[in-house]
Amino acid sequence: MALVSLLDVSLSFGGAPLLDRVNLQIDRGERVCLVGRNGAGKSTLMKVITGELAPDAGQVFRQPGAAFATLRQEVPTGLAGTVRTVVEGEGGAFEQHHDWERHDQVERLLEQMGLPAETEFAALSAGQKRRVLLARGLAEAPQLLLLDEPTNHLDLESIRWLEEFLLNWGGALLFVTHDRAFLRRLSTRIVEVDRGQLVGWACDYDTFLTRKQAVLEAEEVERAQFDKRLAQEEEWIRRGVKAQRSRASARIHALEQMRAERKARRDRAGTAKLTAQESDRSGFKVITCSGAGFRYGDRWVIRDLDVRIERGDKVGIVGPNGAGKTTLLRLLLGELAPQAGTVEQGTRLEVVYFDQLRAQLDENMRVQDAVADGNATVTINGRTRHVISYLEDFLFEPARARTPIRALSGGERNRLLLARLFTKPCNVLVLDEPTNDLDAETLELLEDLLVEFGGTLLLVSHDRAFLNEVCTNLLVFEGDGRVTEYLGGYDDWQREQTARAAAREAAANRPIRETTSARATAPKARKLTNRERAELEALPGRIEALEAEQAKLTEKLADPAFFKKAGAEVTQATTRMQELEAELAHVYTRWSELEGS
């Protein structure tokens, strides 16, 4: 029996139905990802499944005795106490209820999820609080876990941990996410919410994108043909009915049906049109750091930073929550003075800043006033446009453009802030967590804009797919205030980390020099042959050549334009990168063997 089934379920809030006679079934062990535009009804569907919202029509069947748990986008207010008491929830006081099985379950979860049991919940970071709330839901031993944007505000380490945990958990999942890497890793099935309908796709995400595009193109052709037939019939009726009465009556009836069908049609929401205004070019050297450091009290947040950012670089900044990513941005931009070393900004810099806390938005201001500072028009790349027309490019309907900002969803706030920022000419664009709450389609449009942007980009993000598509290099916080530069995006960084770990392991496995007493009893080391000595002498040069080739290939793979070339060349480069990693690991191992002889 299915865990949950929806049969002809409909629900609306006064306008077009968010759910229009939809059907859905979720079975044990499935990991179903809900996709769709912001506002399409994904969160509403989850509330119908859990029973928080009752449908206007249709039926919802839940397996008797099956427990459901939900992790919402926002951390609820009013939760107090230690981590343990929050995870225990209303089922606490085990001694009174003699629910020792649940007690053991909570203890296992606290240990498994690495949670500080006696720490006050209020003292945790946003990411840690979401992990506690996940544990709270799992403590109920649910058969179905519903996750609404579970990766929001989590750093990369927490996201990777969550992926592994959910892959090994074994229960059924229904989740909404904008994180495409998370989606690709977890989903076994995709369900799309589109214009009130649910469409199931039994395939991976990349196949879904291809098939969805084909369906949309076919729909466009079919609708164009329908509209042409309707126009012809309307022309016929305007000329007057001269045919036999029975035939004319049938044709008129068919026309009325076509009119009704056209009236009931729900057109797909438009696509956002993102355009950044570029000011005059900056100088070639944008920011140069030499031994730069900054600290709060005795704690060095950043130390010994040496980096040179040049015009056109697209720099991703990566690190755990609380590591100092926003501090690094402010240091690079000159908003903070270094307490060690130097930070120099180049000439002719025009900076536009996207704030992850959305502090640039006044909650009481209307959407259109926030973009145009109360004016009726904005100037975009030398062209004057009415602010309402400009906001339509960011998917704000005229009525929505006149509403106060406090009424907007998270995704709408992000689109509004982007609309506001892109009215300002710049050659340095600073984006601090721009991807939260944006749907996948808008994310891809933003990626395309940033790739084509001719200026310099500083980007803080935990979105792995976004980092891969946009960044030419990364600045990674690696503990104790150390920030290391890597060429390429997220996958390039991970490959280099793997290669370095292999090299360290090979070095650690070299035989430790034996003590004098041990040498007296141990057999003497084998003497190298002339051929082996020659091989050992040649190894440093071979390693240098392989690493040089690896660096060159990493730089090529970091260039988004390279992936527009023939697929064979991209495949060849990717394969060669894997071969280089294997060769380097082998060479380091061989070096250890020969040096130990």
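Where is the place of Arg348? Arg348 sits in the loop between strand S13 (340-345) and strand S14 (351-354). The model is a predicted one, in which local features need pLDDT of at least 70, side-chain atom pairs count only at pLDDT 80 or more, and totals for chains, interfaces and linings use all residues. Residues are numbered from 1 along each chain as its sequence is written, and side-chain values use heavy atoms, with hydrogens and water left out.

The protein chain holds 20 helices and 20 strands; helices (H or I, at least four residues) and strands (E, at least two) are DSSP runs, numbered from the N terminus. Of its 597 residues, 44% are buried. Here buried means under 20% relative accessible area, exposed over 50%, and partly exposed in between, with a 1.4 Å probe and protein chains only. Among contacts (heavy atoms within 4.5 Å) between residues at least 6 apart in sequence, 69% join residues at least 24 apart.

Arg348 has a positive phi of about 60 degrees although it is not a glycine. With a relative accessible area of 55%, Arg348 is exposed. Arg21, found in strand S2 (residues 19-26), is another residue other than glycine with a positive phi, near 55 degrees. Arg21 is exposed at a relative accessible area of 53%.

Strand S18 (residues 456-460) is largely enclosed by the rest of the structure, because five of its five residues are buried. In a regular strand the side chains alternate between the two faces of the sheet. In S18, Thr456, Leu458 and Val460 point one way and Leu457 and Leu459 the other way, and all are buried. Two strands pair if DSSP finds at least two bridges between them. S18 pairs with strand S12 (residues 314-318) in the parallel sense over four bridges, and Leu457 of S18 is the bridge partner of Lys314. S18 also runs parallel to strand S17 (residues 428-432), to which five bridges join it; in this pairing Val430 stands opposite Leu458. Together with helix H15 (residues 440-452), S17 and S18 make a right-handed β-α-β unit. A crossover is right-handed if, with the strands pointing away from the viewer, the path from the first strand over the helix to the second runs clockwise.

Helix H6 (residues 156-169) has 14 residues, which at 1.5 Å a residue should span 20 Å; the end C-alpha atoms are 20 Å apart, which agrees. The expected span is 1.5 Å times one less than the number of residues. The buried residues of H6 include Leu156, Ile159, Leu162, Phe165 and Leu166, and also Ser158 and Glu163. H6 is followed by Gly170, whose phi is positive, near 95 degrees.

Thr403 lies in the loop between helix H13 (398-401) and helix H14 (410-421). Thr403 counts as buried because its relative accessibility is 18%. The side chain of Thr403 reaches the backbone oxygen of Arg400 at 2.6 Å. This is a polar contact, a pair of N or O atoms within 3.5 Å; within protein, one must be able to donate a hydrogen and the other to accept it, and residues adjacent in sequence count only if both atoms are side-chain atoms. Not counting residues up to four places away in sequence, Thr403 touches Met365, Arg366, Val367 and Leu408.

A disulfide is a pair of cysteine sulfur atoms within 2.5 Å, and by this rule the count comes to zero. Cys33 counts as buried at 0% relative accessibility, and Cys426 is buried with a relative accessible area of 3%.
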